[in-house]
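This report describes the pockets of one protein model and the residues that line them. A short account of one further residue follows.

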Amino acid sequence: YDRYARGQGSLSAAELQGLNVFNGKGRCNQCHGGPEFSNVAVGSLSDRAFTNTGVRPDAEDGGQKPASLSKFSSKTVRNAELTGPYFHNGGTLTLRQVVDFYDRGGNFASPNRDSQVRPLGLTETEKNALVSFMLALTDDRVRCEKAPFDHPSINVPNGPNVTAVGAGGRPSNQCIKPYLNVNHFNP
């Protein structure tokens, strides 16, 4: 995606359609805006940095303190392929399930729910295109822990150690995979 944004690459037809849904009919950019694809990012903190999306009933979901209006931070969509399960309760396994959640307007009605979380009426093609676009936001340097995303070793007393990954990253057959190796197009 970043190469495309700099005019140095392209997106597939499905990814481009997904970008259009993200910024248009899906209203995703209302909470996942800017180059970081998150309204929580430094410099782009907005009134939608913390939102109630109707994941659980308000009485069960405290959220941002001290208000406790079931508001949670709008996480980045960058590298989301590798960060499941999703939402603050881990209740959604695939990116398609996330898209379906927003397409139906959340799980629970609430007077505190953000006005942008309402039924979208996306087609199956638009849903799959949106997943394709989100997958295009995965940086292969992150996936394979290549510089600048490599890390030193971490020696944990009485626990497992984390071995160092150098600037060259992991071999392609050892790169990070989605949680439980899920197919993100599965509803």
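Helices are DSSP runs of H or I with at least four residues, numbered from the N terminus. The model is a predicted one. With helices named in this way, α3 gives the most to the lining of the largest pocket, namely four residues. Elements that each supply at least two residues of this lining are β2 (72-73), α3 (95-103) and α4 (124-136).

The space in the largest pocket comes to about 770 Å³. Its lining is formed by 33 residues, of which H32, K75, F87, V98 and Y102 are the closest to the centre.

The second largest pocket has a volume of about 370 Å³. Among its 17 lining residues, Y1, D2, R3, A136 and T138 are the closest to the pocket centre. Here α1 (2-5) and α5 (140-143) each supply at least two lining residues.

| Pocket | Nonpolar | Polar | Charged |
|---|---|---|---|
| Largest pocket | 19 nonpolar residues | 10 polar residues | four charged residues |
| Second largest pocket | five nonpolar residues | three polar residues | nine charged residues |

One residue remains to be described. N173 is located in the segment after α5. Is N173 buried or exposed? Residues count as exposed when their relative accessible area is over 50%. N173 has a relative accessible area of 60% and is therefore exposed. Between N173 and D103 there are 70 residues of separation in sequence, and their C-alpha atoms are 35 Å apart in space.

Terms used
Residues are numbered from 1 along each chain as its sequence is written. This is a predicted model: local features need pLDDT of at least 70, side-chain atom pairs count only at pLDDT 80 or more; totals for chains, interfaces and linings use all residues. Side-chain values use heavy atoms; hydrogens and water are left out. On a 1 Å grid over the protein atoms alone, a cavity is a set of points where a 1.4 Å probe fits but cannot get out, and a pocket is an open set with protein on both sides within 12 Å along at least five of seven lines; lining residues have an atom within 4 Å of a point. Grid points are joined across faces, edges and corners, and a volume is the space filled by probe spheres set on the points. Ala, Val, Leu, Ile, Met, Phe, Trp, Tyr, Cys and Pro count as nonpolar, Asp, Glu, Lys and Arg as charged, and the others, Gly among them, as polar. Buried means under 20% relative accessible area, exposed over 50%, partly exposed in between (1.4 Å probe, protein chains only).
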